[in-house]
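This note concerns the aromatic side chains of the structure shown below.

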Amino acid sequence: MSDLVVGIDLGTSNSVISVVLEGEAIVIPDSEGRRIHPSIVHFREDGQTIVGNEAWRFRAEKPRRTVYSAKRLIGRPFESPEIKMLMGSFPFSIVPANDGTPRIQVDNQHHPPEGIGARVLHYLKSLAEQYLGQSVDKAVIAVPANFDEGQRRATQRAGEMAGLEVMRLINEPTAAALAYGYGGNKRERVAIYDFGGGTFDVTLLELRGNVFEVLSTAGNSYLGGDDFDNRLISLMTNVFERQHQVDLSGDELVRQRLRVLAEYLKCELSDEPQVTRRIVEYIPGTMTEIEVQFQLSRQEFNERCMDIVNQSLETCQDALQTASIQRAELDHLVLVGGTTRIPLVQARTREFFNREPVLGINPDEVVAIGASVFGGSLAKQQQAPQIGGPGMEAGLDAVDEDWMEGLEEGQEAPQDEGPLLIDVTPHALGIATVGGVMDIIIERNGQLPLDRTRYFSTSRDDQTRVVLPVYSGNSRRIEENRQIGMLELTDIPPGPREEVQIEVTFEIDTNGMLSVRATDMRTGLNQYARLSIMGESTDDHEFDATNLLMT
Ligand code: AMP
């Protein structure tokens with residue numbers, strides 16, 4: 001088994017894989033030299049799949065068989081508002097499975113979103129193996145900072161389904177900060193502004209040598225490059241409406257074709273002051289062609305999309321407030337994600353933060369590079385088992401904890417130990433109480449790893465089971481938060497109500513993963529505590545790597 005640990009940015013739109021070789025992080029290309037791989041899976045009629053760049057053209061040609069943006073669905077329950085909102089915008093069907101998770105339907109097959117993620121990951125793993133000439137079995141996978149428990153677990157499962165041992169889930173902005181600052185012995189505060197295809201995140205970090213401490217993180221999972229594409233689609237359908245009195249906006253296949261074009265024109269507008277295209281479409285339900293000349297200047301695009309960019313800046317304000325720091329206290333601004341190539345985004349962030357973004361960092365590759373830098377340090381620790389014990393995992397934990405405990409504020413960690421990441425919880429976590437109020441157990445922006453203990457009593461005499469809904473979110477009202485699962489305490493020894501006291505400890509590890517344990521205070525015995533996470537599929541479905549077509 002190889003010691004290499006690759007770093008993977010499993011993006012909504014595109015994915016990138018990187019590895020550290022001889023101390024240097026490199027991005028792994030496909031056979032054509034392309035370094036960025038669309039997170040797209042095309043299902044051929046013969047059952048084989050095509051992934052990445054070769055799958056891209058099928059989005060317009062065979063939209064019902066070509067799955068994209070599965071990351072927007074991963075780890076969410078079918079009934080979640082996000083999935084309800086997204087369902088209408090995909091050309092493929094999303095259907096519920098018996099366990100309440102969503103499935104992507106292609107022909108009569110139902111694929112869990114993590115199965116799509118697994119195919120993308122498996123493709124990246126194969127690219128790396130071809131490139132490196134050796135097997136690749138271990139990975140650090142980057143996830144959005146505001147991914148919740150269900151989304152993190154599903155991503156980890158996708159990695160396992162792809163045949164990868166997921167050594168660590170790293171938050172995308174933290175990975176970006178590593179790529180920016182690791183090895184540079186920096187002492188500064190940076191803002192990582194990450195605008196991708198489907199989500200927006202901002203993270204403020206303090207760098208002290210090789211300590212990367214997150215001060216705050218905030219995000220909007222409804223904001224991304226797709227919003228700009230939707231604006232362009234509306235502009236295009238308006239032109240058809242004006243010139244031909246035909247409303248194309250409700251036709252899903254037309255929208256799908258226009259979506260591909262919209263994204264293309266949006267990217268062109270990042271380089272050109274104006275774009276012009278002849279667009280030919282059919283009147284829905286007929287073979288009658290209609291055509292328009294579509295023209296758009298960057299100026300008009302900026303005006304139409306200003307509110308989208310401003311929404312991202314509101315989230316930045318929230319992150320600053322949470323960290324209790326002023327814009328002027330930040331030293332650098334790092335732009336991450338494809339959407340930051342839009343000149344309007346660059347101009348507005350420059351204005352807001354009152355500084356030039358750091359240049360020379362590729363916004364598409366920076367997250368994967370950071371993940372591989374972390375992977376490289378794990379691989380190094382693996383090769384040096386004397387650090388903290390025989391197993392890599394033990395070594396890492398021991399190192400992390402020693403550093404964390406001995407580290408005063410503002411102090412650096414030893415340079416030769418690899419980076420120390422101090423991340424935070426993106427959302428508060430709590431339990432629903434009477435009146436629809438969330439009883440917060442773990443606060444937002446708490447430093448990881450952390451644990452918090454609460455005491456629960458029974459409400460009826462001789463009650464042996466308690467079930468509590470667990471919520472995540474930053475509001476005190478549960479209806480504004482997201483239910484992530486259920487906590488079930490069973491086998492409680494019978495006793496008078498309120499005399500029975502159960503101590504419940506919630507723990508979040510450095511991967512951002514939640515676990516729970518419970519103790520009966522009278523007997524001191526461990527209680528059976530089960531945390532079932534919504535959006536977690538109970539069947540791992542078929543994913544047969546032999547069906548993958550490598551091109
Ligand atoms: P990411 O999730 O970071 O891969 O970002 C993907 C998003 O970036 C998609 O919405 C792309 O359309 C968008 N994007 C990529 N390149 C450009 C560009 N040159 N101009 C504008 N948007 C871009």
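Are F352 and F353 buried or exposed? The points below begin with this pair; please note that the model is predicted.

1. Both F352 and F353 are buried. The centres of their rings lie 4.9 Å apart, with the planes at 80°. Because edge-to-face pairs are those with planes over 60 degrees apart, the pair of F352 and F353 is classed as edge-to-face.

2. F352 also has a charged neighbour: R327 lies over the face of F352, at 3.8 Å from the ring centre. A further arrangement of this kind involves Y68, where R59 lies over the face of the ring, 3.9 Å from its centre.

3. In total, the count of aromatic pairs comes to ten. One of them is formed by Y182 and F212, with 6.4 Å from centre to centre and 50° between the planes, and this pair is tilted.

4. The pair of Y182 and F212 links distant parts of the chain, the two residues being 30 residues apart. Y182 is in the loop between α6 (172-181) and β13 (187-195), whereas F212 is in strand β15 (residues 211-220).

5. Finally, a cluster deserves mention. Y193, F195, F200, F228 and F301 together make up one aromatic cluster.

Key:
Residues are numbered from 1 along each chain as its sequence is written. This is a predicted model: local features need pLDDT of at least 70, side-chain atom pairs count only at pLDDT 80 or more; totals for chains, interfaces and linings use all residues. Side-chain values use heavy atoms; hydrogens and water are left out. Rings of Phe, Tyr and Trp (its six-membered ring) pair if their centres lie within 6.5 Å; planes under 30 degrees apart count as stacked, over 60 as edge-to-face and the rest as tilted. Helices (H or I, at least four residues) and strands (E, at least two) are DSSP runs, numbered from the N terminus. Buried means under 20% relative accessible area, exposed over 50%, partly exposed in between (1.4 Å probe, protein chains only). A charge sits over a ring if NZ of Lys or CZ of Arg is within 6 Å of the ring centre and within 35 degrees of the ring normal.
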